[in-house]
Amino acid sequence: MGSAKSFEAKLARMFTATQTRGDSALARVLGIQPPSVAAARKREQIPGAWIEKVAEQFGINANWLLFGMGPMKMAQPETPHIDEALLRQCIEILEDFLQMEKKEMPPQDKALVICQLYELVLETEEKERTEKPLQALRLIRGALAAAG
């Protein structure tokens with residue numbers, strides 16, 4: 001059995017993470033019956049499944065739940081910013097080229113080429129972006145040859 005202090009601290013972190021007050025509210029969030037929370041109190045032990053559920057459902061750091069260490073919330077991967085104007089330009093380059101060459105490309109190949117083109121243009125400095133259409137055309141020609 002763990003110490004009451006340690007158990008109470010863990011249980012307090014469970015309430016904080018789930019934004020609940022009281023055993024019944026915590027039980028509802030966990031999808032269990034309130035007597036299960038009372039039984040855990042009596043044993044002074046929080047089941048690992050509860051930790052897993054709260055960590056997954058609420059994006060909570062399991063280390064924080066168990067030991068009070070680290071940040072409460074798991075770090076969310078930063079969503080990259082999409083330059084919509086640049087993406088639109090990449091789509092137009094591909095569409096114009098396909099129309100000029102009188103070629104067709106399956107949608108999944110178009111998506112791949114547009115993503116590669118977008119990344120290629122993003123990697124360049126603003127002043128060099130005017131030189132990239134030649135590289136883009138080579139990239140598109142290569143994709144067309146592969147799809148051909």
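This briefing describes the nonpolar cores, salt bridges, a loop residue and a surface patch of one structure.

The structure is a predicted model, in which local features need pLDDT of at least 70 and side-chain atom pairs count only at pLDDT 80 or more, while totals for chains, interfaces and linings use all residues. Residues are numbered from 1 along each chain as its sequence is written, and side-chain values use heavy atoms, with hydrogens and water left out. The largest nonpolar core has 18 residues, and four salt bridges are counted.

**Nonpolar cores**

- A nonpolar core is a set of buried Ala, Val, Leu, Ile, Met, Phe, Trp, Tyr and Cys residues joined through side-chain atoms within 4.5 Å; buried means under 20% relative accessible area, exposed over 50%, and partly exposed in between (1.4 Å probe, protein chains only).
- In the largest core, of 18 residues, those with the most contacts inside it are Met 14, Ile 46, Trp 50, Val 54 and Leu 65.
- Two or more residues of this core come from each of α1, α2, α3 (34–43), α4 (48–58) and α5; helices (H or I, at least four residues) and strands (E, at least two) are DSSP runs, numbered from the N terminus.
- The greatest contribution to this core is that of α1, with five residues.
- Another core lies apart from it and has twelve residues, among them Cys 90, Leu 94, Phe 97 and Met 105.
- Trp 50, its neighbours within four places in sequence aside, is in contact (heavy atoms within 4.5 Å) with Met 14, Leu 30, Ile 32, Ser 36, Val 37 and Ala 40.
- In soluble globular proteins, nonpolar side chains tend to be buried together.

**Salt bridges**

- A salt bridge is a side-chain nitrogen of Lys or Arg within 4 Å of a carboxyl oxygen of Asp or Glu, and by this rule there are four.
- Glu 8 pairs with Arg 41 in a salt bridge whose closest N and O atoms are 3.6 Å apart.
- This pair links distant parts of the chain, with Glu 8 in helix α1 and Arg 41 in helix α3, 33 residues apart.
- Arg 41 also forms a salt bridge with Asp 23, with the closest N and O atoms 2.9 Å apart.
- Because Arg 41 lies in helix α3 and Asp 23 in helix α2, the pair ties together parts that are 18 residues apart in sequence.
- Glu 8 is partly exposed at 40% relative accessibility, as are Arg 41 at 31% and Asp 23 at 21%.
- Between Lys 110 and Glu 95 there is a salt bridge with the closest N and O atoms 3.2 Å apart.
- Lys 110 is in helix α7 (residues 107–122) and Glu 95 in helix α6, so this pair ties together parts 15 residues apart in sequence.
- Lys 110 is partly exposed, with a relative accessible area of 23%, and Glu 95 counts as partly exposed at 33%.

**Thr 20**

- Thr 20 lies in the loop between α1 (4–18) and α2 (23–30) and counts as buried, at 11% relative accessibility.
- The side chains of Thr 20 and Thr 18 are joined by a polar contact of 2.7 Å; such a contact is a pair of N or O atoms within 3.5 Å, where within protein one must be able to donate a hydrogen and the other to accept it, and residues adjacent in sequence count only if both atoms are side-chain atoms.

**Surface patch**

- Leu 66, Phe 67 and Met 69 make a nonpolar surface patch of about 300 Å².
- Patches are made of residues with over 30% relative accessible area and no salt bridge, like charges being joined within 9 Å and nonpolar side chains (Val, Leu, Ile, Met, Phe, Trp, Tyr) within 5 Å; accessible areas come from the Shrake-Rupley method with a 1.4 Å probe, and for residues only the protein chains shown count as cover.
- Met 69 is found in the loop between α5 (62–67) and α6 (84–101) and is exposed, with a relative accessible area of 52%.
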